[in-house]
Amino acid sequence: MGRIVLVVRLVLADVRRHKAQAVMLLVAVIAATATMALGLSLGGASQTLYEQTREATAGPDVVALVPDLGSPVAPVMTLLAEAPGVVAHNGPYRVVYATLTAHRVASLVVVHGVAEKPGVVNRPLVTSGHWVRAGGAVLERGFATALGARVGDHVTISGRSYPVVGIAVTAATSIFPWAPGIGPYGGPSDGGGLVWLTREDTRALASQGLPVTMALDLKLRDPDAAQTFIEAQHIATRVSFRTWQFMADQDTVMLRTTQPILVIGSWLLSFLAITGVAALAAGRAAEQTRRAGLLKAVGATPGLIAAVLLTEYLALALLGDALGLALARLAEPAIASPTASRIGGVGGPTGTVIVATTTLAVAVAVLSALRPTLRAVRTATVSALAGTTRRPRHRPWLTALSALLPTPLLLGVRLIARRPGRAVLHACSTAVTLIAITNLLTYYAEPRWGFAQHRGGWGPGLSGLPDMRADHDSRLLLAVTIALIALATVNTLTLTWTTAMEARANMAIARTLGATPAQISAGLSVAQLLPALPGAVAGVPLGILFYGQIITFPLFWIAAAALAILLATTALTAVPARWAARRPVAQTLSAETG
Amino acid sequence: MNVVNAAVRVHGLVKNHGRGQGRVRAVDEVDLEVPEGQTLAVMGPSGCGKSTLLHLLGGLERPSEGEVWLAGRRIDTLSERALARLRRRSVGFVFQAFHLVEELSAAENVELPALLAGRSRREARRRASLLLERVGLTGRARHLPSQLSGGQRQRIAIARALANEPLVVLADEPTGNLDTTATLDVLRIFEDLRSAGQTLVIVTHDERVAATADRLISMRDGMFVDDTRLAGTGTGWLGGLIGLEG
Amino acid sequence: MQDAVLAMLAKEPSHGYHLRARLQQSLGPLGASMNPGQIYVTLARLEKAGLVVCERADGLPERPDRKVYALTPAGQQRVAAWLTEVNWPKPDLAEFHLKLVAAAAARLADPVELVAAQRRELLRRLREVQQAALAEPAGSAAVLLLEGVVLRLQADLRWLAACERAWSKVDDEAEDA
């Protein structure tokens, strides 16, 4: 009991004393776990959304699509509607391939000719306005959102103007822009929006000579056996089947590149979190070791000391994990459902996601706290109290080599020689930043075929719909990259500051020997810049490797980014270095010996 | 024979620092017995091995050879964990540099060993307030070490050393960082402990601190060169110091 | 000590017993061995030397402790002279030093042993003074005096440490030779 009080008290007191470090660990863990939770929840989220929409709209288990190529379609449809295992059906109804323009924006669409009173299967849910009536069109919500159309607007479908009387969602098609399922004449689809018109209006539209496909929605006795049902149908005419499982799966295509961005982003964020927190922890290692020594002297066992040191990191990491999960929960609807084609809420993180992010958070805490903890536990009490632990190793060849260099470089190289591990951390941190930036730039440079586009172009005064998927992904990629750059910036500041604080006695001595404050701060900057250089060089190919395939490689921009990072490093290190170098020499020296 | 138990006993104690050519014998075949209730001062020039001896007695360091017995138990063979448990129960350390936990208040520092020993929070708090009163710092209980003077910090450290009613208090240059006034405050506490029968071993180079002890051992080059009993030999010298006609 | 008694009368005429109380208060444990009669012997001598006059207090003429002593002008001059004196007790170390030299020369005893014995004695004295000082109530004037004695003893102990180092070296050289 008393020992728990003690551990809690020591942890709280230390957190209070080192707020900046606690905040940094917390923020880093929140960023990493939130990103990971989002990345892992996406698949499940779109599945949940589809199922909720299917529930609300009496979604069919199978949709059969037969292109109307002149030969009679009705017998096939009758056969299917009466096939064993079918309990209810909707249709057959016309699907007309048309073009819609509104607000000078054009898009491919499919028009479903529907009854003014929907049947038992496939009852689209009207979210605003009302259902179709003669001369009035209802737009699918995802499409309407992309188009910016509202109830009361007018849209032109293949030359004829219709007022928008309602907006609705359905589970009988995939989300925008994959509503068509199959293309005209049974060919491949370029995607398109979904519009509902009355049967008569649709027939009138089709009479313009537009391609038509007949569709039939089926409700099965055993929805889970939809695939088995399809395989049991042997019909001469070419019929395309869409099971509800297939459509649900198609929804996740929207997130196919989103997921890697988030998951890989979360790895990179975790890596930077470990780097930054480890640098901070290393900077405090001497102090922690001394603290461990005096706790040992009053009778704390090594186990208790390890508990105190690890609990602090673990508690913060778990707090960060919880906050990260909460943040992911808040951001999930926006990120998991980029189109408005589905209704309902996302379920929140599942057990697997919680386990994964918690593992990540614990790993960050343990990896960054392990070395200082082990050192503190292992150091003999007497030397821990005397503060004589872990002097930097003497590296004669580096020292000799650096003697040939100009003063700032000499100081910089000697600073790196004091703590080579930290230089490696900094190089890795720079490399990670460049990996993210390379990915972002390459993604932007890649040419894209927009959504629901006409292959021949749209003609003067008209433009296509934006590529929502690319927009969504590039926004996320940008957000992840910004988070990475922010963490890397904090890391650079931390590393410089830690180096400056540790080397202050040596730097003060260098100043008594005649080094100017400017030379000292230049030396500190060099100590950070030198490792950043190989980091930047390694980051570019690694970034390309992460991206996978390259279509266009914006070499100029990537080189510019690498240069910008090195310049930014110099600028960032200059601030703490300058501050540290300007401290009065006597004050530093007396603080060291006191 | 002597019926008083030895609080601390060492036999053939050797401690080497370093190895090979640079090896230094900090403690060289030392035998010592400190009976319960005795206050012992160890004096000697710097580097004579007196601090190392103290660390060996408290189990902070392990001897190269020989035996260390504390409270009738041999401690030089114990594991680090067992040593820590023994320290929290039987040994109170006072250091020259105070070694208080900087982020804990004075009272919390004093509660530390009691909590380590698994006592309840209330018990630890009660004991800490008694000890703070004993060292005259009741009004400073909520201060952080950085808000206290050197003398006050050392008194807190002494209170902390006493938190678990240890068998022996080991003090390493307890007044080394203190001015005369603060030294007198600390000496007053030591004198108080001595008269209360607390076993106390003080390593010091200050004759004045040494003179509070019942017994004085002088060390040189890791060996004992003198062992003097100071107590019980009052000569009335002080009263005769001044005569009206003198 | 006669000068100190005179100086204490400079403030105002005083009874003998009152003077003694003031002395003891200032000296603390150092004044413990002063017996009650001593102050009157001193005062009688001062009276004989014409430095103080004795005035009988009204009332009980037959009681000696009812006498009030006061300074004469000669006494006042003597006090003034005493205050400006800068005399200081001589450090009396020569004797011990010669003891060591002689003991070494004649091989009568080991000087290092003599130093050690002397050191033990001084440490015991230091302990005595120190305990007396710590036992004094807060605000006692005697603490300052005891502090002086402690510092003196500390200085002597340091000198003994120097002696020990020097004579040990002589011993070592003798052995080496």
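This is a predicted model: local features need pLDDT of at least 70, side-chain atom pairs count only at pLDDT 80 or more; totals for chains, interfaces and linings use all residues.

Q: Why is chain C called more spread out than a compact globule?
A: The globule rule gives 16 Å for 177 residues, whereas the radius of gyration of chain C is 23 Å, well over that value, so chain C is more spread out than a compact globule. Along the principal axes, its C-alpha atoms fill a box of roughly 80 × 35 × 30 Å.

Q: What makes up the secondary structure of chain C?
A: Chain C has 7 helices and 3 strands, and their pattern along the sequence is α-β-α-α-β-β-α-α-α-α.

Q: Which percentage of the residues in chain C is buried?
A: A residue counts as buried if 20 or more other C-beta atoms lie within 10 Å of its own. By that criterion, buried residues are 24% of the 177 residues in chain C.

Q: What makes domain 1 and domain 3 of chain A contacting domains?
A: Residues are in contact if their C-beta atoms lie within 7 Å, and 26 residues of domain 1 of chain A are in contact with 26 residues of domain 3 of chain A. On the domain 1 side, α2 (19–57) and α8 (258–283) of chain A each give two or more residues. α8(A) gives the most, with 17 residues.

Q: How many charged residues does that side of domain 1 of chain A have?
A: The side of domain 1 of chain A that touches domain 3 of chain A has no charged residues; its classes are 18 nonpolar and 8 polar.

Technical notes
Residues are numbered from 1 along each chain as its sequence is written. Chains are lettered from A and ligands numbered from 1 in the order in which they are written. Two residues are in contact if their C-beta atoms, placed from the backbone, lie within 7 Å. Helices (H or I, at least four residues) and strands (E, at least two) are DSSP runs, numbered from the N terminus. Ala, Val, Leu, Ile, Met, Phe, Trp, Tyr, Cys and Pro count as nonpolar, Asp, Glu, Lys and Arg as charged, and the others, Gly among them, as polar. The radius of gyration is taken over C-alpha atoms; the globule rule is 2.2 Å times the number of residues to the power 0.38. A residue is buried if 20 or more other C-beta atoms lie within 10 Å of its own, exposed if 12 or fewer, and partly exposed in between; C-beta atoms are placed from the backbone.
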